[in-house]
Each structure stands twice: as C-alpha cells, then as structure tokens.
Amino acid sequence: MNRTAKELAELIGATLEGDGAAEVHGVAAPERAGARDLIYVDAAKHAERAGASAAQVAVAPPGVALSGKTVLRASNAKYAFAKAASVLRERVPIARGVHPTAIIAPLARVHPTASVGPYAVIGEDAHVGEFTEIGAHSVIGPGCWIGSHCRVHPRVTLYASVRIGHRVEIHSGAVIGADGFGYAHGEGRYLKFPQAGIVEIGDDVEIGANATIDRGSLDDTRISQGVKLDNLVHVGHNVKIGANTVIAAQTGVSGSSTIGDNVIVGGQVGIADHCTLESGSVAGAQAGIPTGKTIRRGQTVWGTPAREIDKFKEIYVWYARLPELAERIKELEAKVGES
Amino acid sequence: MNRTAKELAELIGATLEGDGAAEVHGVAAPERAGARDLIYVDAAKHAERAGASAAQVAVAPPGVALSGKTVLRASNAKYAFAKAASVLRERVPIARGVHPTAIIAPLARVHPTASVGPYAVIGEDAHVGEFTEIGAHSVIGPGCWIGSHCRVHPRVTLYASVRIGHRVEIHSGAVIGADGFGYAHGEGRYLKFPQAGIVEIGDDVEIGANATIDRGSLDDTRISQGVKLDNLVHVGHNVKIGANTVIAAQTGVSGSSTIGDNVIVGGQVGIADHCTLESGSVAGAQAGIPTGKTIRRGQTVWGTPAREIDKFKEIYVWYARLPELAERIKELEAKVGES
Amino acid sequence: MNRTAKELAELIGATLEGDGAAEVHGVAAPERAGARDLIYVDAAKHAERAGASAAQVAVAPPGVALSGKTVLRASNAKYAFAKAASVLRERVPIARGVHPTAIIAPLARVHPTASVGPYAVIGEDAHVGEFTEIGAHSVIGPGCWIGSHCRVHPRVTLYASVRIGHRVEIHSGAVIGADGFGYAHGEGRYLKFPQAGIVEIGDDVEIGANATIDRGSLDDTRISQGVKLDNLVHVGHNVKIGANTVIAAQTGVSGSSTIGDNVIVGGQVGIADHCTLESGSVAGAQAGIPTGKTIRRGQTVWGTPAREIDKFKEIYVWYARLPELAERIKELEAKVGES
C-alpha cells in the first residue's frame, strides 16, 4: 500500500525530516531496498550502511544523521518501523471467501466476512468471527469460539470448545486443546485422568508453528492477551500465562504452572509443574525450573536448576576455574604436608 | 452418562458412605462442580475446599472426613476418580460413520463399525479395526494395521506399514513411521542409510500432539503396551520402549536406545543413541544421557551427563558453594603463605 | 529391484569376491535377511553374526572374512551399502499422478511428470518440477518454487514464496516459511516486526517430521545443499546453514545465526541468536551456545554455555570430584588451624 513520508510520519508518530511527498510502498533491509522501500536504522554505527541504500526514506532514532534521506525520526525507531510495516505490507491472504470444499457443520456460525480455505473442517456450534481467515486443512472442533480478524494458517487443529480472542494468529501445525498429560497410576497401569477443561486464548496472541497447548484437566488452560509463543513451544494443562509474555522456541511449560505478565522466557527452557514465574521475570535460554519453584517479580534466572543470574554467574566463574582451584588445593597440600 | 453413587462405587471398587441413590453425571474440580458432578479429594488438607463444593458425591481416601457428602472411599482415590471419570465422561467423537469425502483405497479393510472423518486418506491394504475412529485429514499409509477402539485424532500421519494395537490414542499432528535420521558419509556428502524397518505400537498406548516416532532402519521401532508419550516427544529409529513407560514432553530418544518397562522419563530429557534405561529407572527433567550409557534397574538419574541422583546432589551442593570454597582456599593460602 | 552381485559391485564401486551371478533384491539386517537380501558388516567383530545370516551377499570392508558369502568389498562399507540400498529399495510412492481432489491454482505450473496426492493444495504461481511428488494434504503456498525429484510427504506446509531445490525430501508435518519470532516492543505491547524474507533450500536437503523453518525478516533464511535436519528441529529467521551440515532432533537455531559447511550439531542443542558455527565445527548434544558466540573451524564444543571439549572435560572431571575437593579443603583447614 503506497504512503507518502508525511502520511507515514503521522501514522507512526514520528517527526518528518525531509521530503514529505516521498512515496514508500514496502519495507526492506538497506542493502536490498529499492527507492520506494522504507528502511530502518537503529544506531549510529549503521548509518553508513543506510546511507548507501537506494531507499529514499528511513526511520531513525534521534542523533543518527542520514544525509540525503528523508527521515522519520522516532525515539523507538524499531517499533515505529514495525508500525509502518504493518501499514505498508499487504499480508498474503490465508483464504479468500469460503471455499466450496470447506465443510462447515450446519449449526456452525461463520461470519459472512470470514474466509475459510479449501478442505477446512468446522465443527458443530463453532463460531468464526468477522474477517477471520481459516486456512486450508485446518480443523476447528465442535463448540470452538474464534473472534474477529484472526489468522488461522493452514493445517491447524483446534480440539473441541477452544476459545480464541480477536486478532489472534495461529501458525501451521499448531495443536490447541489436546488432552493434557495426566494419568492416575493403579493396577499396574496408567489410566487417563480426566482432561475436561478447555483452552482460552486472549486477544492479539500469536502461536508458532507446531506449538502445542493442552486443554485443562479439571481447570482450564489460559493464555492472556498479547502473549507470543514461538514454534514448537509446549504448554501443559491448567497453565496460566499472563499478558504480553513472550516464550521462545521449544520451551515447555508443565502442568499447572503460572506465568505472570510481561515475562520473557528464552528458548528450550523447561518449566516443571506447579511453578510460578511472577510478572516481569526472565528465564534465560535452556534454564530448568524445578517443580513448585517461584521466580520472583523482576528476577532473571539462568541454568538448571535455575538461579538468580548474579548468583549463577558468581558460581559459574568458579566452575570455569575448577582446574585452577584443584591445582591450588594440591599446592596447599604440598606446603602443609611439608610444614 | 448418569450413574448413582452406588453404581459408581461398584464400578470403581470403592466403599460407599452415604446416599447410594445420589446421581452423578460428570466430574469437576470442587470449586466448579455442580450438585451432580463427582469431585475428588486426595488429602485431608483439601477437605475444607471439598466441603464447600456444591457437589454431593466425592471420591476420597480413608481418613479424609467430608461431612454432608456422599463419599466413595478408595485407598487410591486419584485412580478411583479416573476410573469413574472414564465411565461418566462421554468422549467427543472424533468421527461419526465414514464421511463421504474420506478416500479409502479399494483394498483397504475398514471395519463397518469404524468411523473415518472428512478428507481422511486410507492407503491400500490398510486395516482399521472395530470401533476405531480416524479423524479428519489423517493420512494412513498403505499397509498400516490399526486395531480396535483406537482414537486417531485429526491430522495424524502414519507412513506405510505402521502397526498399531488396540485402544491406542494418537493426538493431532503426530507423525509415525517417517524415515529415521541415518546417513552414511562418503564422497563428501551424506547418503540416506536404508530406513527399511517398521513401527510397532502396542495396546493402550497414548501418543501426544506433534510427537514423532521414526521407523526402524534395518530393525524395527517398538513401543510396548501402556506407554504414554507426551507432546513433541521424538523417538528415533530402532528404539524399543517397554510396557507402561511414561515420557514427558519434548524428550528425545535417539536411535537404537532401549527403555525398559515402567520407566519414568521427565520432560526435555535427551537420551543419546544406544543407551539402555532398565525397567523401573527414572530420568529427571532435562537430563542428558550420553551415548551407550546404561541406567540400572530402579536407578534415578539427573543432570547432564546424567548421574545417580544422590551422587548428583552430593556434587551439586558443592557446586552451589563454589564461591565459598574458593574463598576458603584463598584464606588457606594466606595462612600458609604467612606460616 | 533385482541386481546381480556383479552389477551391484560396479554400481557401488566395490570389489567382487565370490559369485557375481548371485541375485539380491533388498537389504536387511543379518538376522532378518533372506537368501536374496544384501547385508552389511562394518567390523570383524560382527563377522560371526553375518556368517550366520541366510543372506548370500554381503558388503564388508577389507580384512573382514566372511566364508561362504559373496562379498562386495569396499573401504567405506556403510556408504557402499547405503548406495546399494538406494538402488535395490523401491521407495513407497508418495503420490501417483495428480489426484482429482488436488486443488491446483490456475496459474500454478505442475510438471506433467509430477504427482500430487489427494487434497493437496497448490497455490497461485507455484512451480512443481519434474518427477516431484507432493503428498496428500500438503499445502504449497502461492509463489513457491519446488525443483525436480523432490519428495514432499503428506501434511507439509510451505508458506508463500518458499524456494526448494532438487531431490529435496520433506517429511510430514514440517512447516517451512512461517513468520519468524520477531517483535518490536512499544506502548506496552509487542508488535510484529516485518517477516518479509523468504526461505531458500538447496538441493539434496532432507527435513525431518514436524521441523519448522521460519522465513527471513528483512533478510532470507537459507539452507544449503546436502543439509540434513532431523525431526522437530527449529530454524529461526535469517539463519544460514552451509552445505552438508547435519542437525539432530529437537535442536533450535535462533534468528540470524550462521552455520558453516559440514558442521555436526547434536540433538537438543540450543544455538542462540547471532551465533557463528564455522565450517567443520561440532556441537555436542544439549549444548547451549550463547548469543553472538563464535565456534571456530574444526572446534568441538560441549555443555551450556558451550566450551571447547577438552576444556569442558578438564573442568568437568573436577566438577565430578567436588565432594573430594571440599573434603581436602576441610582437611587443610584442620591442619592449618592446628599449626
């Protein structure tokens, strides 16, 4: 979608420096940009690279000089650029209209503005909101409720009675609402413990490819507004995740753990069952948080079992020097033996 | 399905205390239960919570007093409750009848009582047993054999010649029988080593969403009866897993490893190739078991590389005190230097 | 496909010892082989096992005596056997012809020799090359380009504009080209950073079941020729992977990391963002490579954070002896206190 620099500046709340009539129609990296692509510079050290770009218009933070370019000046340049991109880039439609091969149960309610791709299957009593797109081969279970402006990519499964808010994006291969991993042991075998809860997902959530979110057992699994889950993330039954929390790829959250708002969880983190990560806490990549552990508000933890980062580093520095410590002990023993 | 307390007590082998005519039709957590939901108390400390519930009937172990409730008394209350739930809860059907869009190869044998969902594809010579349900979009490869009363959720792939027992549940996105990760290196490249074996899965197995189980190379991959695999678990070629073993989410088992019966493997464990986990052993979450390692019968291991838990803790306690040890060495050096 | 021992010897570059007219039609493990299966022995210690096999023809390296067998002698026996298997084994076809239920967009170009399975969906302007097979339920996004002789198994998703070379095999459940995990934070929320790049995959690549490869953000994600990715591997946006690199199951590569040629990465390794693994380097299973780290050419690393293996072992040996070190410190303190 074409915009002038002036229009964009207004849309993203930036200060215009230069030619307000300059037109942009896309975004690109400086090296790949054409004249009408918008580029983005986040630090003075990249100014040269940006200066050499064919792009005419750039988003940059205060203090970064870009001679010869029209500049959209914004203190949070990356965010301003992302905002501009959300306007400039046309998203590839996931579906257009309701494909004749889509199977929509008689009592399902699909809004007339919604789109459903080829071979998608929408179960009885399911609800699909305004302008929501359901990709090819996605299976929406009976009783699911999906809000408006959602993007459900091809090959997504929603088991029965999953609730999805507005503007949610779910990537291909994600499975939401499968039974949690809960069994009762007796008579020499494992018997499924009832997995009778649902999954509830708030507005503006994004769920990565091949991620899995299990339904609650006797409680529900709840993902709050603005949460971003990367690919192959696993969320167990009864887990609660607070607003605007981000979880990187391949992390697993075991049953009945609670994660607060604005938490940042790195990749391949393992969060055992019944843990609490309070709001604003951070778990570094590959951390392992043992059963029942609480990570306090604002705390950053690393390692397995996870420790507060300063403590982790204090220990780790000596771990790395273990051969030296051992040598020093040996020398002491020699001296003390001598004395 | 409605049952009286008396009927349930008989079904689950509990002792009835109270009103045998009280009716129940579902299960719930105490806080959420209606009058006719069955609840479950596992310890005296939860008795108050259960007492405040609207539910009239509860499963509880001996010694937990619940005044005003009809109690189904069972020593293994959790197991008794799970048993009751298996009777009370009607499972959402995965498919009803054979959908006209299902593509069933001419020589496939689908039992008349089996159901096949929309767009499912069943290959030549495949066999689907009595009352088995195959979900929408599932692809059953040629020559597969699936027993009776299985639940294959939507969007499951079985490659050719996979064998599945009875009462097996396979969750959405699971892929069974893909080629194992085996190559021969020569002439500067990797060439696929033949992955000519099959996958064999015993009765009462449950396989989590997006899990992957590779076919054998020159041997077979075998998952015994009663095994429970959580979401995103990976099982490599030629692996053998014994009866009633449970493996939590995101764990990986590399090629040709053998796991015994009744083994418990936590989440995100990495089991390298050619390992042996003998029956009754336990591997804690995120443990890493190096190539060729044997974990002895009944042993519990933690950490990477995995160690017997007591040894792990003995070392770990000193790891956490490394800064103190370093300080003590420094003090010793000061004293010894002085002397 | 039937071959004589003589024909096979020529095809795989082996020296024939014995009956060149002996026919073989498949490959098998020694214990399972019939008379006309080819077997393989890689070391003298397995000669007895091979000798007892019903197979008449075996591939073996120099120095391994196999009396009574026709031997195809090759220095790299495993590779020679894999080569023979690639000739002898007929691969199960993924699709035969273009199934009438496949939905191929009007402007898509599917080569007349290509096959497309039931319910597959091929988007506008997509290209499918000669003899390529697209499995049932696979979704090929608009603008994708797929070369010749590729094997795309059932239930694979290619988002828009993914480019795939020749002889590429993609296993079921893989998702290629989903948005990378990139956000700009502002106004108390995360906003998607544009994920405008593509994914490019070279010739002879194999991608495991349920693996995910994200598209580039302002750059592209590139997987070079001969790369082998195991199941459930995650590759983030803008990642570059060099030729003939192998990555085992459940490993994750975060955004903008670069991996060279002939690198070997174990299972469950976590490679943070902006790392470099130079050509010929090796990362052991479960290693964790921190943000921005470079692993030098030919280096082998272990552990989290990853260290050169000799350094790792030097430290680790003392880690395991920590209780002893602590005891020695205690004894020193006793002596020094005495003195």
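C:Ile103 has C:Val121 in β11(C) as its bridge partner. Please keep in mind that this is a predicted model, in which local features need pLDDT of at least 70, side-chain atom pairs count only at pLDDT 80 or more, and totals for chains, interfaces and linings use all residues. Residues are numbered from 1 along each chain as its sequence is written, and chains are lettered from A and ligands numbered from 1 in the order in which they are written.

The bridge partners belong to a strand pair: β8(C) runs parallel to β11 (residues 121-122) of chain C, over 2 bridges. Strands (E, at least two residues) and helices (H or I, at least four) are DSSP runs numbered from the N terminus, and two strands pair if DSSP finds at least two bridges between them.

The open sheet in chain C has 10 strands with parallel pairing, in the order β8-β11-β14-β17-β20-β25-β28-β31-β34-β37. At its edges are β8 (103-104) and β37 (288-289) of chain C, each with a single partner strand, so one side of each has no neighbour in the sheet.

Now the contacts, meaning C-beta atoms, placed from the backbone, within 7 Å. Between chains C and B, 49 residues of chain C touch 52 residues of chain B. On the chain C side, α3 (77-88), α4 (309-320) and α5 (322-338) each supply at least two residues, and α5(C) has the largest share, with 8 residues.

Chain B in turn puts 49 residues against 52 residues of chain A. There, α5(B) gives the most to the chain B side, 8 residues.

Technical notes: Two residues are in contact if their C-beta atoms, placed from the backbone, lie within 7 Å.
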